[in-house]
Amino acid sequence: MHYMRLGTSGLRVSRIGLGMMTYGDPGNRAWLLGEDAAEPIVRRAVEAGVTFFDTADMYSGGVSEEITGRLLGRLFPRRDDYVLATKVYFPTGPGPNDRGLSRKHVLAAIDASLTRLGTDHVDLYQIHRWDHETPIEETMEALHDVVKAGKARYIGASSMYAWQFAKAQHVAQTAGWTRFVSMQNHYNLVYREEEREMLPLCRDQGVGVIPWSPLARGLLTGSRDRDGRENTVRTGSDPVADMYTDADFDVVDVVRATAAERGLPPAQLALAWLLGRPGVTAPIVGASRIGHLDDAIAAVDVSLNEEEVARLEAPYRPHRIAGHS
């Protein structure tokens, strides 16, 4: 495993982050794995040198955080041996203040997350989406207070427009508050709209990029066919997976053909492309099987030449913005 600074911060993370959304209550969604099923996969990640783990307070109603905390507590000898990230924004209860990025919810949510995770701090506390109903000044000051209270070491953001991210950073800098060190955005070979504004902004400002859905919800690995046939349980119950179009299969075809020529699984090739993009620190990879994780780990050592990169990128067609809500 290789390690890299998260943007220009001093925090070093493994080049693959393990997304913990896959682990939760199977009664909530059919594709979720319970703690016993998740443990061998997480153990394999730890043995391979993965130190970066990402979850959120709304995943499986908080069960993901509980599983994450217990597994990492068992698998690592010290809390400082891993980097733990979680998120705030989406509803975590029925009340009108159980959601969003108000000061009230942010301060309540971090305490609830720490309780479920069984720790006194997270390394990276991220806003899951942009809150159109709360002034960004209120949110940034609340996040600054979370950091100053020692409950988070760094803060990050997730999918939003570049102007929103720039505004948040400006507000924080002007007031002397903590700035975001990372952007967790929607980015893969079949969704590259982030290359227009967000990625250049992050590179310019020294912000680390930790993409979610790096394999397009499995599309790049064969989770569904051009004729619409779905080959995994998750594909049939995931609204994000429905955003991909027929034209995206032109990219998939090239990935498969290039991977065959290299004697590699398509997942390794697609992740190797993403790892090679300027500014990308660590894709957040979901794994419901050990094989999925092994492909991701192996991709760290795969290098693509300029001709292969150009071939993989050539079939891309623009998309409507997706993943910001």
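Which backbone oxygen does the side chain of arginine 192 reach at 3.3 Å? It is the backbone oxygen of glutamate 313, and the pair can be read against the cut-off for a polar contact (a pair of N or O atoms within 3.5 Å; within protein, one must be able to donate a hydrogen and the other to accept it, and residues adjacent in sequence count only if both atoms are side-chain atoms). This is a predicted model, in which local features need pLDDT of at least 70 and side-chain atom pairs count only at pLDDT 80 or more, while totals for chains, interfaces and linings use all residues. Residues are numbered from 1 along each chain as its sequence is written, and side-chain values use heavy atoms, with hydrogens and water left out.

**Arginine 192**
- Arginine 192 lies in the loop between β8 (180–184) and α6 (198–205), where helices (H or I, at least four residues) and strands (E, at least two) are DSSP runs numbered from the N terminus.
- Arginine 192 counts as buried because its relative accessibility is 12%; buried means under 20% relative accessible area, exposed over 50%, and partly exposed in between (1.4 Å probe, protein chains only).
- Leaving aside neighbours within four places in sequence, arginine 192 is in contact (heavy atoms within 4.5 Å) with Tyr187, Trp273, Glu313 and Tyr316.

**Two further helix residues**
- Alanine 45, which belongs to helix α1 (residues 35–47), has 0% relative accessibility and therefore counts as buried.
- Glutamate 137, found in helix α4 (residues 136–148), is partly exposed, with a relative accessible area of 40%.
- Glutamate 137 is in contact with Val171 and Trp177, once its neighbours within four places in sequence are left aside.
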